[in-house]
Every structure is written in C-alpha cells, then in structure tokens.
Amino acid sequence: MSNLARFILLIVVSMVIGCSKEKKDSDKPTIDPPVVEEKRDSGIYVLSNGSFNQEISKVGYYDLVKNQYTEDYFTEQNSTLRLSGSCSGGFQYGSKLYIFLSSNESKILVLNMKDAKFLAEIDAGEPFVSNLWPKRATAHKNLIYIVGDGGFVHVIDTLSLKGVKSFELPQWGNDVVIQ
C-alpha cells in the first residue's frame, strides 16, 4: 500500500470515528440563564424637607405595585448615613439621582436610581465660586447644569461627579433649560 493510500485511509477512518461518536451532556456547551435585574420602575422617590427649620430631610419611596410608602427609604438603604440640611430638590439623569441639600454648607448627594444607595457627595469648593445652594437642574451630554440661589449656574460632570465650572448671572435664576 502506498503512502498516499495509507494517508487517505487514515483520514476516512478518522472521519467515520469522529462522526459516529455520540456527544455526551458534558460535551454540549452550557448556556447560562440571563441575569434578570430587579427594576425599580414601579415606584417614585419623594424628597421631603422635614419640619420647618429642623433641616431633617428624607427621601421616601412609594411602591406603586404594593401601594406602600417607606417614609425614610434613604436611611433604610444607607443605615450609616443621614441627610443633613434642607432638601431643596432633586434631579434624575441616567442611572443616578441627584439630591440637592441646602444648609450652611450646601451639597449634592448622588444616589443609585435603582435602590437609593449612596454613590458620592458633591460640595462647594473649586471650581465653584460660591456656595452651591442648588435649586433646579437640567442635563446635556454628561453635564448637569444647576441653577442655585445666589445668582450662579454650576456645571457638574456626571462621569467624574466633579464640578466643572460656575458662572455668575446678572440676577438670581429660578430654573435652567438647555436649548
């Protein structure tokens, strides 16, 4: 038998053996079931100042499916943290909820929109030229524009969660809208 004939015979035998072999369950590729994340699109967050002049703000959550309200949902989700200052508003952009707190040292708390877990705190300081005193906000291309009492607009980068700049207005603003 020639080398060519042996080579062809070897290929044919290999193909017959390879094709006749039954696949075992362990040989089959495994497919993991899809990960299903709990969605929080069945409720609303309620921001509250608390009682007059007490500066005890709360973030509540009303579950629309269960018709159930949790008055201090923020504390329930972040047991070691407490909101200080008067809640002057809030704003959602992407997967984050920005809570505006005004007091002697105003700040913005950044929470995960899905579960109200604390992510970061943004406070007055460089590059902001004044206390934040946040009031209203809008967003565009990963920047949040916040108008605050005191006649300033503050700009925050939503990726770094840092202040980008501030600019002074000729008068106090009440709201901000992107053109």
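**Contacts, fold and side chains**

Modeller: Among the contacts in the protein with a separation of 6 or more, residues 24 or more positions apart account for 38%. Please bear in mind that this is a predicted model.

Colleague: Which pattern do the helices and strands follow along the sequence?

Modeller: The protein has two helices and eleven strands. Read along the sequence, they give the pattern α-β-β-β-α-β-β-β-β-β-β-β-β.

Colleague: How is the aromatic pair of Tyr45 and Tyr61 classed: stacked, edge-to-face or tilted?

Modeller: A search of the whole structure finds four aromatic pairs. For Tyr45 and Tyr61, the ring centres are 5.2 Å apart and the planes make an angle of 55°. Planes under 30 degrees apart would count as stacked and those over 60 as edge-to-face. The class of this pair is therefore tilted.

Colleague: How many residues apart in sequence are the parts that this pair ties together?

Modeller: Tyr45 belongs to strand β1 (residues 43-48), whereas Tyr61 belongs to strand β2 (residues 58-63). The pair therefore ties together parts whose separation in sequence is 16 residues.

Colleague: Are Tyr45 and Tyr61 buried or exposed?

Modeller: The cut-off for a buried residue is under 20% relative accessible area. Tyr45 has 16% relative accessibility, and Tyr61 has a relative accessible area of 3%. Tyr45 therefore counts as buried, and Tyr61 is likewise buried.

Colleague: Which residues make the nonpolar surface patch of about 330 Å²?

Modeller: Val46, found in strand β1, is one of the residues in the patch. At 31% relative accessibility, Val46 counts as partly exposed, and patch residues need over 30%. The nonpolar patch is made by Val46 together with Ile44, Leu64 and Tyr69.

Colleague: Which residues does Thr158 touch, not counting those up to four places away in sequence?

Modeller: Thr158 lies in the loop between β10 (152-157) and β11 (162-168). At 4% relative accessibility, Thr158 counts as buried. With residues up to four places away in sequence left out, Thr158 touches Tyr93, Lys96, Tyr98, Asn142, Leu143 and Ile144.

Technical notes: Residues are numbered from 1 along each chain as its sequence is written. This is a predicted model: local features need pLDDT of at least 70, side-chain atom pairs count only at pLDDT 80 or more; totals for chains, interfaces and linings use all residues. Side-chain values use heavy atoms; hydrogens and water are left out. Rings of Phe, Tyr and Trp (its six-membered ring) pair if their centres lie within 6.5 Å; planes under 30 degrees apart count as stacked, over 60 as edge-to-face and the rest as tilted. Helices (H or I, at least four residues) and strands (E, at least two) are DSSP runs, numbered from the N terminus. Buried means under 20% relative accessible area, exposed over 50%, partly exposed in between (1.4 Å probe, protein chains only). Contact means heavy atoms within 4.5 Å. Patches are made of residues with over 30% relative accessible area and no salt bridge: like charges are joined within 9 Å, nonpolar side chains (Val, Leu, Ile, Met, Phe, Trp, Tyr) within 5 Å. Accessible areas come from the Shrake-Rupley method with a 1.4 Å probe; for residues, only the protein chains shown count as cover. A salt bridge is a side-chain nitrogen of Lys or Arg within 4 Å of a carboxyl oxygen of Asp or Glu.
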